[in-house]
Amino acid sequence: METESFYGVELSEKDPLAQFEVAETDKGLQDQKLIIKQISLGAEANDEFNVVQAEVKINEKETLKIPIAVLKAGETRVLKPNLEFPSDSVTFKLTSGKGPVYICGQHLVHDIVDEWGNAEEEDLDDEEEDDEDDAPPPQQNGKNSKKK
């Protein structure tokens with residue numbers, strides 16, 4: 001089963017960090033992804049650069065830190081980056097500026113196993129699609145369009 005929900009956070013001088021993290025109990029049972037659809041600067045933001053950084057763990061020892069948005073009142077107020085974070089944890093940080101900066105997107109959850117502990121029936125769906133490819137072409141005027 002797949003579900004999606006809205007994800008939204010505000011970054012500001014007072015609260016410059018926001019954490020998206022998958023619960024430990026869900027990591028083996030669900031495939032989760034965060035998709036950032038929009039990053040916008042609040043109306044009350046000053047005329048300064050506001051830089052938003054994403055931090056993602058690559059492995060136990062390494063963390064990737066990269067700016068994903070640079071916003072400034074009067075220049076760029078909204079970005080639509082369509083960024084996907086398939087990892088278990090993402091930290092958003094306002095590294096420059098006072099904000100507020102709003103980040104919104106979708107949180108997608110796909111169950112890997114059902115409630116009985118069985119693997120999902122994706123393989124069956126794939127087989128059904130393959131069977132459809134082997135089906136004869138649609139008929140036109142009562143005859144198959146392929147000649148034998």
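Is Phe92 buried or exposed, and what is its relative accessible area? In this predicted model, Phe92 is buried, with a relative accessible area of 0%.

Phe92 belongs to the largest nonpolar core, a set of 24 residues in which Ile39, Val52 and Phe92 touch the most other members. Strands S1, S2, S3, S4, S5, S8 and S9 each give two or more residues to this core, and S3 contributes the most, with four. Val52, for its part, is in contact with Leu11, Ile39, Ile66, Pro67, Ile68, Ala69, Lys93, Leu94, Val101 and Ile103, leaving aside neighbours within four places in sequence.

Turning to the aromatic rings, the structure holds three aromatic pairs. One of them joins Tyr7 and Phe92 in a tilted arrangement, at 6.4 Å centre to centre and 45 degrees between the planes. This pair links distant parts of the chain, with Tyr7 in strand S1 and Phe92 in strand S8, 85 residues apart. The centres of the Phe85 and Phe92 rings lie 5.8 Å apart with their planes at 85 degrees, so this pair is edge-to-face. Phe85 counts as buried because its relative accessibility is 9%, under the 20% cut-off. Ring pairs link Tyr7, Phe20, Phe85 and Phe92 into a cluster.

Asn50, found in strand S4, counts as buried at 0% relative accessibility. The Asn50 side chain reaches the backbone nitrogen of Lys98 at 3.2 Å. Beyond four places in sequence, Asn50 touches residues including Leu41, Val70, Ser96 and Gly99. Elsewhere, the charged end of Lys72 sits over the ring of Phe49, 4.6 Å from the ring centre.

Conventions:
Residues are numbered from 1 along each chain as its sequence is written. This is a predicted model: local features need pLDDT of at least 70, side-chain atom pairs count only at pLDDT 80 or more; totals for chains, interfaces and linings use all residues. Side-chain values use heavy atoms; hydrogens and water are left out. Buried means under 20% relative accessible area, exposed over 50%, partly exposed in between (1.4 Å probe, protein chains only). A polar contact is a pair of N or O atoms within 3.5 Å; within protein, one must be able to donate a hydrogen and the other to accept it, and residues adjacent in sequence count only if both atoms are side-chain atoms. Contact means heavy atoms within 4.5 Å. A nonpolar core is a set of buried Ala, Val, Leu, Ile, Met, Phe, Trp, Tyr and Cys residues joined through side-chain atoms within 4.5 Å. Rings of Phe, Tyr and Trp (its six-membered ring) pair if their centres lie within 6.5 Å; planes under 30 degrees apart count as stacked, over 60 as edge-to-face and the rest as tilted. A charge sits over a ring if NZ of Lys or CZ of Arg is within 6 Å of the ring centre and within 35 degrees of the ring normal.
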